[in-house]
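Open the structure in your viewer and follow the stops below in order. Each stop says what to select and what is found there.

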Amino acid sequence: MKKFTFRIASPLFSRLQSHLFPGDGDEHGAVIAVGVSKSSRETRLLAREVFIARDSVDYVASKRGYRALSSDFVVRISDYCARQGLGYFAVHCHGGRDSVGFSPVDLASHARGYPALLDILSGEPVGALVFAENAVAGKVWTARGVFDLDHLVVVGTNVRRLHPFVPSSMPSSSPLYHRQSLMFGDAGQELLGKAKIGIIGLGGAGSLINEWLARVGVGEIVAVDFEKAEPTNHSRLVGATLWDAQFFLSSQRWPALQKLGRLLANHKVKIAHRVARQANPHMRYHAVVGDVTLREIAMLLKDVDYLFLCADTAQSRLVFNALVHQYQIPGMQVGSKVPVDKASGEVGEVFAVTRPVLPYVNGGCLLCNGLIPTDRLQQEALSEKERKAQAYVEDAQVSAPSVITLNAVACAEAANEFLLGYLGLLHENQQPGYRMQYSRDRDWQRVLLRSDPGCLHCGNGSVSVCARGDMVALPCRSGQTTLGGT
Amino acid sequence: MNAAVQQAVAEIRSAYSGHQVDVAPDGQDGAFVKVHDLPLGSQYAPERSWVAFRITFQYPFADVYPHYCLPNLVRKDKGALCSAFSQKTCPGPGDPEPATMVSRRSNQLNPTTDTAALKLAKVLDWMSSQ
């Protein structure tokens, strides 16, 4: 049986925790409306909205137990969930710390109320969460039965995980990871071993992150790229050989041999797969030859625990941004740019950038920060022939300057932030925002974030895709793909 | 065509209900759209034309541009058309046909309010003001 997990963005979680644990030691209640994401790995319940039950108004004395949600509150919120196609999860708190479970009174109330709620919600899950300090337990009612919640993930700058009880001990890490385990702890190393990470783009930036993730012991990678290695990639593509790019054919003067070279060249994800396997023979690896704008491919990324975007198209940025918000996955966009004046050859402001993107308002949404140009989205949808017919559009085939060491600056920053955040090691008061290094000035700058509460990805409005999960379509097109080894 | 593109087409049909609207899938879940017999402005010859454009699959995040109208559009006063106009071929479900391309990019597109129907109205309004 697949496990059920719960994901909630840190601002929503903070709001819920403030209500449940105001310091009075009393019991309080709320309801969380959830979207659902189903995959072969797990079913994720994605917190979209928190409805606070006001003490003595919505959360009242109960005849059968201590307190309960009022019938008016339950009707109002369940009706809202039904209309929105969302699941319904009642929340309350118990005292204590580090472990929690439902009382017999709680379980009896589930049995009385949830069959009817399941009918009202027409198939969306219903259930309950009970919190203590640093612990949560859950019951998930579906048409197929009642299931225990495995754990809850708080998605923020630091990723936090809550269980019904705190695991008492972890197996010792492999000697292969001894030195880093002194920092991460055995529990941290275990988390990395269970992590499933997505990488969009396995070129100059993605190939670096790919190897580093494999070396630190990440257990599973989904790598997506449709491009093949070319001789011009060789100086930046980690692990690539001249044979991968069929250099001896591609560098011939005869077009037929060049074409044969391109045909026989290795896909970038296959090279990345080889590199990752050398670094970590036991990991699971999905080398996906395809375009992330294809729906079938993008859906392979919906159940990852963290997502890196290392491709620099507006289309892939839009799909990445949608995945982060719709499926509540923390993400990171990585890149570097070397502007060179075409006429004079003068080198402009060279920069490397890391953009953390977290699934809530002011979390770094690429749409809100003007990083997905709407005209480029339109242009990139055109065929090469159509682009030429429009003529004024910049030719996407023109090579942009790129240097492995500049890529490495952004990638190292991104990989560090992933490791520290994923293992909960970032300081809580660290400054939010994107980070840019202007290499020629040897200067790091923080870019303050912009946000639009009405945004279709991160916003709070009814049309936002935030935490909608499988209910809404990703901004992708139909098409076919090729899957690589595992 | 995906749901967002279908909705855009429905809004165009509604906004231009007196006009023939040809719609064809673009093979990528988007659509080629051609709205017939639209007024371009009395300063042009011809004064009326079809206007064609493509709604791509990432609409409403993707801009809807450029737009196309009859080829060899000229000003009656013999003045030159501005740089937003050029002679190209119009993409569509069949062979590309000669057309006058009108390139009006939206620099501040808001995907919640800037629909394909509104963009067409803005392009026509801009043309008539030139």
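**Stop 1**

The model you are looking at is predicted. How much space lies in the second largest cavity? About 50 Å³. Colour its lining by class and you get six nonpolar, two polar and one charged residues.

**Stop 2: the largest cavity**

The count of cavities of 30 Å³ or more comes to two. For the largest cavity, select A:G156, A:T157, A:Y306, A:L358 and A:E417, which lie nearest its centre among the 13 residues of the lining. The volume of the largest cavity is about 90 Å³. Its lining is made up of nine nonpolar, three polar and one charged residues. Which helix gives the largest share of this lining? That helix is α13(A), with four residues.

**Stop 3: α13 against α5**

Two packed helices are described by the angle between their axes and the distance between the axes. The crossing of α5(A) past α13(A) is right-handed.

Now show the side chains on both helices. On α5(A), pick A:L208, A:I209, A:W212, A:L213 and A:V216. They meet a set of residues in α13(A): A:I404, A:N407, A:A408, A:C411, A:A412, A:A414, A:A415, A:F418 and A:L419. By class, this contact of α5(A) with α13(A) holds 13 nonpolar residues, one polar and no charged.

**Stop 4: α13 against α4**

Keep α13(A) on display and select helix α4, residues 178-194 of chain A. At what angle do α4(A) and α13(A) pack? The angle is about 95°, and the axes are 10 Å apart. Therefore α4(A) is roughly perpendicular to α13(A).

To see the contact, select A:M183, A:F184, A:L191 and A:L192 in α4(A), which meet A:F418, A:L419, A:L420 and A:Y422 in α13(A). The contact of α4(A) with α13(A) has eight nonpolar residues, no polar and no charged. End the tour on A:F418 and A:L419: these residues of α13(A) meet α5(A) and also meet α4(A).

Methods:
Residues are numbered from 1 along each chain as its sequence is written. Chains are lettered from A and ligands numbered from 1 in the order in which they are written. This is a predicted model: local features need pLDDT of at least 70, side-chain atom pairs count only at pLDDT 80 or more; totals for chains, interfaces and linings use all residues. Side-chain values use heavy atoms; hydrogens and water are left out. A crossing is left-handed if the near helix is turned anticlockwise from the far one by less than a right angle, and right-handed if clockwise. Helices (H or I, at least four residues) and strands (E, at least two) are DSSP runs, numbered from the N terminus. Contact means heavy atoms within 4.5 Å. Ala, Val, Leu, Ile, Met, Phe, Trp, Tyr, Cys and Pro count as nonpolar, Asp, Glu, Lys and Arg as charged, and the others, Gly among them, as polar. On a 1 Å grid over the protein atoms alone, a cavity is a set of points where a 1.4 Å probe fits but cannot get out, and a pocket is an open set with protein on both sides within 12 Å along at least five of seven lines; lining residues have an atom within 4 Å of a point. Grid points are joined across faces, edges and corners, and a volume is the space filled by probe spheres set on the points. Axes are lines fitted to C-alpha atoms, for helices over the stretch in contact, and angles run from 0 to 180 degrees between N-to-C directions. Angles under 35 degrees count as roughly parallel, over 145 as roughly antiparallel, 65 to 115 as roughly perpendicular and the rest as oblique.
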